[in-house]
Amino acid sequence: MRFACMSVAAILAAILVAEIPGTSRAGWSTEPVTVSPTTANVPMVEACTDGAHGTFVAWQEETSAGVGVLRVQHLLVSGDLDPAWPTAGAVAVATSAARTELFALPDRLGVLYLFWQECGTLQALRMDGTGAVATGWPSQPVGGVRRTTGAAGGRVLGSISNYSQRASLIEDGSHGFYGAWMNDAGALMAIHLGPSNTGAGGWPNGPLQLADSDHRVNLWPPVALTPDGGAFLAWATWSTNGNTSSGSWLLHRLTPAGIDTSGWPPSGLSFGDFHLEYLNLATHASLLDLAVDGRGGAFLLIANPVSAATYYATLETRLYRVQGSGIPAVGWPAAGRVDPYAQTVLPTDGYGPSPDASFRLLYDDRDGALVGSFTSTADTPIGMSFDDLNSAGARMTGIGAWVANGYELVSGGGGEVFLAEFNPKGPYQPYEPNAYLRVKDASTTLYSEYQSQIVVTFYGDIGLASTEDGGAVFVWSQVRDRVGLIARKFSRFGEVTGVAPPASGPPGLHQLRFERGVGVRASITAPDGGRLDLFDIAGRRIATVAIGAGDRDATIPGTGAIAPGLYFGRLVAGAARFTGKVLVTR
């Protein structure tokens with residue numbers, strides 16, 4: 001979608017008499033909350049619950065091109081910034097460096113674990129309830145050279161491979177975490193640490209090597225929690241010995257102490273042959289994922305390469321469900337169920353999907369699973385399709401996303417699924433570095449925003465965290481309408497208005513949103529009433545609605561079936577004019 005004849009700024013000037021921009025409030029409302037007022041580039045954002053319906057937000061804040069410091073902020077359940085934390089966010093790592101793969105987990109004690117990759121290593125750090133480094137965690141960087149006094153450097157968990165870039169990191173149910181990854185030699189590594197920075201549950205105070213690298217690589221190892229506090233672990237292994245080679249898809253179960261669970265073979269259960277020769281190690285997307293199933297067992301997703309041509313491999317995707325003993329769940333075949341909706345072609349010429357387009361598996365809290373696979377590889381951006389499967393593996397609903405720069409997917413905790421997507425090149429391949437943001441549940445767009453301002457770094461990244469009460473918090477970096485790092489909260493019914501737009505007081509247009517099947521809706525303050533108009537990109541008024549005195553929500557009639565695109569709203573309240581924008585999608 002390209003708008004060549006007029007700039008958005010020119011259109012706004014032509015159709016709007018006056019614009020009074022909103023400002024962030026303390027607490028959740030129809031206005032977003034400012035997490036940080038930084039004007040620096042924010043190339044990485046991550047968010048997680050705090051375990052009490054609040055949210056931790058972590059980000060890399062650039063100090064110069066390509067390098068920066070790590071900061072963390074705490075949002076309370078109300079949406080207010082935690083007064084015990086620095087207002088600009090706590091500095092987790094003060095040394096400027098290039099980092100990738102930022103991740104956060106709560107410890108359920110009111111603080112969080114922070115993970116990142118730096119200089120080819122996986123690092124971890126625990127923060128305390130004031131934003132300081134927790135007691136027992138080091139202020140040491142890679143190689144043991146102390147950083148700036150008082151600045152944290154994190155614990156180095158080990159090296160990590162370029163060919164299996166993402167570690168799997170989960171809560172352990174006892175305030176610690178499990179992690180699994182492939183190191184730079186190709187070995188499968190796992191660790192179990194507690195809040196005091198020591199081995200938890202009987203594990204050593206360091207990583208265990210669960211599969212060696214002797215003529216072998218061990219790819220894409222996801223980990224999932226077992227009911228007894230142990231872990232399921234899956235991976236793809238490939239070995240060569242002279243002129244022969246072989247590979248397998250494996251699933252193993254470990255006790256909380258890190259030893260083999262009784263009845264499980266030490267090398268893991270095999271789920272068929274894996275043919276790495278059909279692939280290319282330059283393909284970084286994971287073809288494997290794992291999730292708990294709510295019954296003490298696990299769902300296992302395998303996108304298996306079954307043949308290869310010159311530039312691509314053919315995939316067959318299967319979903320398995322196993323009991324805690326490793327045997328198939330009741331009603332599930334040992335060979336799993338083929339997913340007919342999953343992608344079947346994977347490029348192997350080095351132009352395949354990135355880790356953001358990895359196959360995904362998420363327990364849906366309703367005895368089923370959400371299965372995600374990329375939907376195209378010939379176009380940019382790559383799409384993702386997510387299918388909600390019931391307990392027997394049958395498809396119920398589906399949602400989609402564009403993932404040129406990434407997406408976030410979380411469960412709301414009661415069967416709800418939230419998806420946030422971020423695409424700095426727009427949803428339809430425009431020829432300009434536009435920005436496009438969207439948050440959805442399984443059927444409705446809750447928030448969307450589209451900007452055609454020609455600024456490459458217009459948006460840096462997004463984060464999404466479940467609030468574990470049926471809602472989610474969406475975080476993004478923005479440098480035009482609102483400078484800094486911004487957050488909104490959504491419930492299962494749409495955007496939360498914990499601090500509702502006042503019926504009296506200064507008038508204002510707080511938010512425009514499109515709800516499929518309903519139309520364009522607005523959150524407003526209009527003590528004396530007024531009129532709300534909707535304009536298209538050409539400046540034509542296409543709909544209007546009268547606003548009654550004291551109305552706080554309005555639906556513009558006749559907009560339920562309008563064409564997809566960018567629209568502008570104008571609230572006329574006496575002599576004042578207020579504007580907003582909304583992206584209509586299908």
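Predicted model: local features only at pLDDT ≥ 70, side-chain atom pairs only at ≥ 80, totals over all residues.
Residues are numbered from 1 along each chain as its sequence is written, and side-chain values use heavy atoms, with hydrogens and water left out.

**Exercise 1.** Work out which class the pair of Phe56 and Trp85 falls into.

*Solution.* Start with the rule: rings of Phe, Tyr and Trp (its six-membered ring) pair if their centres lie within 6.5 Å, and planes under 30 degrees apart count as stacked, over 60 as edge-to-face and the rest as tilted. Here the centres are 5.9 Å apart and the planes are at 40 degrees, so the pair is tilted.

**Exercise 2.** Classify the pair of Tyr113 and Phe177, then decide whether Tyr113 is buried or exposed.

*Solution.* First, the geometry: with 5.0 Å centre to centre and 65 degrees between the planes, this pair is edge-to-face. Next, the cut-offs: buried means under 20% relative accessible area, exposed over 50%, and partly exposed in between (1.4 Å probe, protein chains only). Tyr113 has a relative accessible area of 0%, so Tyr113 is buried. Phe177, also at 0%, counts as buried. Finally, both rings belong to one aromatic cluster, along with Phe103, Phe115 and Trp137.

**Exercise 3.** Find the residue whose charged end sits over the ring of Trp332.

*Solution.* Look for NZ of Lys or CZ of Arg within 6 Å of the ring centre and within 35 degrees of the ring normal. You'll land on Arg337, 4.9 Å from the centre of the Trp332 ring.
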